[in-house]
Amino acid sequence: MTATIEPHSPYATLINVFTVEPTRARELADVLTAATAKVMQHLPGFISASIHLSTDGTRVVNYGQWGSAEAFAAMLANPVAREHMNQASAIATSFEPRLF
């Protein structure tokens, strides 16, 4: 499903900005894309995810939507999902996830 952007959306929206060395930006984007395809999209409450690379290669943004904050929290507690998140965080020099 594609992202839905609208005022007062009922969805929980994750915006996670990863800082990364430019030489590793594509690697991080590939890890996030694979995690979405293999794990995230199969979890209850998943709606969509979009991965964006900054033009200077220093940031990768994961824009994701979940049916609720509770569905997002359940994903965070899922050990298989955590494995993929740990892989992504090991590539990034920092990351700033925020739920909206």
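## Exercises on a predicted model

Ala-3 is partly exposed, with a relative accessible area of 29%, where buried means under 20% relative accessible area, exposed over 50%, and partly exposed in between, computed with a 1.4 Å probe on protein chains only. This is a predicted model in which local features need pLDDT of at least 70 and side-chain atom pairs count only at pLDDT 80 or more, while totals for chains, interfaces and linings use all residues. Residues are numbered from 1 along each chain as its sequence is written, and side-chain values use heavy atoms, with hydrogens and water left out.

### Exercise 1: Distances along the chain and in space

Task: Find where Ala-3 is located, and state how far Ala-3 is from Val-20 in sequence and in space.

Solution. Begin with the location: Ala-3 is found in the segment before E1, where helices (H or I, at least four residues) and strands (E, at least two) are DSSP runs numbered from the N terminus. Next, take the pair: Ala-3 and Val-20 are 17 residues apart in sequence, and their C-alpha atoms are 24 Å apart in space.

Then try two further pairs that involve Ala-49. Ala-37, which lies in helix H1, is 12 residues from Ala-49 in sequence and 9.7 Å from Ala-49 in space, C-alpha to C-alpha. Ala-29, also in helix H1, is 20 residues from Ala-49 along the chain, with 12 Å between the C-alpha atoms. As for accessibility, Ala-37 counts as partly exposed at 41%, whereas Ala-29 is buried, with a relative accessible area of 1%.

### Exercise 2: The two sides of helix H1

Task: Compare the span of H1 with the expected span, and decide which residues of H1 are buried and which are exposed.

Solution. First, the length: H1 has 14 residues and reaches 20 Å from its first C-alpha to its last, close to the 20 Å expected at 1.5 Å a residue, the expected span being 1.5 Å times one less than the number of residues. Second, the buried residues of H1 are Ala-25, Leu-28, Ala-29, Val-31, Leu-32, Ala-35 and Thr-36. They cover an arc of only 160° around the axis, which puts them on the same side of H1; the arc is that of the directions from the helix axis to the C-beta atoms. Third, Arg-26 and Lys-38 are exposed on the other side of H1.

### Exercise 3: The two sides of H2 and H3

Task: Sort residues of H2 and H3 into buried and exposed.

Solution. In H2, the buried residues are Ala-71, Phe-72 and Met-75. Seen down the axis of H2, these buried residues fall within an arc of 100°, so they line one face of the helix. The face turned away from the buried side of H2 carries the exposed residues Glu-70 and Ala-77.

Turning to H3, Ala-81, His-84, Ala-88 and Ile-91 are buried. They cover an arc of only 85° around the axis, which puts them on the same side of H3. Pro-79, Glu-83 and Ala-90 are exposed on the other side of H3. To check the length, the 13 residues of H3 should span 18 Å at 1.5 Å a residue, and its end C-alpha atoms are 19 Å apart, which agrees.

### Exercise 4: Salt bridges

Task: Count the salt bridges and name the residues that form them.

Solution. Side chains of opposite charge can pair when their charged atoms come close. The rule asks for a side-chain nitrogen of Lys or Arg within 4 Å of a carboxyl oxygen of Asp or Glu, and by this rule the count comes to 2 salt bridges.

In one of them, Arg-24 pairs with Glu-27, the closest N and O atoms being 2.9 Å apart. Arg-24 is partly exposed at 31% relative accessible area, and Glu-27 is partly exposed at 35%. In another, the side chains of Asp-30 and Arg-26 meet at 3.5 Å, N to O. Being 4 residues apart in helix H1, Asp-30 and Arg-26 are separated by about one helical turn, and Asp-30 is partly exposed, with a relative accessible area of 41%.
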